[in-house]
Amino acid sequence: MAKKTKFYVVWLGHRPGVYTDWPTAKQQIDGYKGAKYKSFPDRRQAEAAFANGFQSYIKAATSPAARKTSNLRKRRQNAPHTDKIITRSISVDAACSGNPGKMEYQGVTTSGKKQLFHRAFPLGTNNIGEFLALVHALAFLKGQDMGDLPIYSDSQIAIGWVQKKKCKTTLAKTPRTEELYTYIERAEAWLKANPVTNPIYKWNTKAWGEIPADFGRK
């Protein structure tokens with residue numbers, strides 16, 4: 001496989017500019033106190049960053065939106081996963097008609113897709129559904145005394161919420177979402193009262209296709 005070309009921006013150095021090889025770029029910063037430089041994956045990004053200046057680049061790179069994207073990317077990269085599907089497990093998923101909109105979630109056996117539980121709400125979000133599905137699966141397994149059976153979810157956000165024991169939704173609390181919020185509060189209380197012993201893994205949709213609990217509406 002051919003090595004991808006990188007482009008190097010030197011904002012502050014002996015000769016500022018955009019360079020296509022590291023040795024030449026390095027010459028511009030060696031011995032230059034306070035040199036400012038950065039590599040980019042393509043020429044357009046590099047030239048735009050150079051033209052806009054270092055301060056503009058740093059401001060954009062450290063903005064709340066950029067930090068949120070970076071943190072989400074890190075969470076995805078660090079998601080618990082398995083190399084192969086553990087067939088003796090539960091899979092959960094949620095579906096939402098609009099976001100927010102009519103929402104439902106379910107849990108099924110990973111092998112055989114036998115439905116184990118299902119809930120529907122007149123108004124919710126996909127992330128809330130994914131979160132509630134995971135907590136429902138945890139409580140279901142504990143109630144059935146099924147040991148530390150693994151659970152698969154294709155939502156890293158929901159997995160993160162479960163780990164933090166908090167549904168960090170911004171959905172407004174209104175009469176239409178009153179029942180939903182009751183379930184959210186119960187789920188959070190359950191997580192605080194019960195240690196999570198079941199492994200929760202991120203479903204590898206790219207390699208394995210849609211998660212078995214998928215509602216098939218994509």
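I took a salt bridge to be a side-chain nitrogen of Lys or Arg within 4 Å of a carboxyl oxygen of Asp or Glu, and by this rule I counted 4 salt bridges in what is a predicted model.

**Entry on the charged pairs.** I looked up K26 and D30, whose side chains meet in a salt bridge with N to O at 3.1 Å. I noted that D30 is partly exposed at 39% relative accessible area, and that K26, at 35%, is also partly exposed.

I then turned to E188 and K166, which form a salt bridge at 3.8 Å, N to O. This pair links distant parts of the chain, with E188 in helix 7 and K166 in the loop between helix 6 and helix 7, 22 residues apart. I found E188 buried, with a relative accessible area of 11%, while K166 is partly exposed at 40%.

Next came K173 and E185, a salt bridge whose closest N and O atoms are 3.0 Å apart. K173 lies in the loop between helix 6 and helix 7 and E185 in helix 7, so the pair ties together parts that are 12 residues apart in sequence. I recorded K173 as exposed, because its relative accessible area is 56% and the cut-off for exposed is over 50%.

**Entry on the core.** I went through the largest nonpolar core, which has 32 residues, and found that F131 and L132 touch the most other members. Several elements each supply at least two residues, including strand 4 (90-98), strand 6 (115-124) and helix 7 (178-193), but the largest share, 10 residues, comes from helix 5. For L132, setting aside neighbours within four places in sequence, I listed contacts with Y105, F121, L180, Y183, I184 and A187.

Terms used: Residues are numbered from 1 along each chain as its sequence is written. This is a predicted model: local features need pLDDT of at least 70, side-chain atom pairs count only at pLDDT 80 or more; totals for chains, interfaces and linings use all residues. Side-chain values use heavy atoms; hydrogens and water are left out. A nonpolar core is a set of buried Ala, Val, Leu, Ile, Met, Phe, Trp, Tyr and Cys residues joined through side-chain atoms within 4.5 Å. Buried means under 20% relative accessible area, exposed over 50%, partly exposed in between (1.4 Å probe, protein chains only). Helices (H or I, at least four residues) and strands (E, at least two) are DSSP runs, numbered from the N terminus. Contact means heavy atoms within 4.5 Å.
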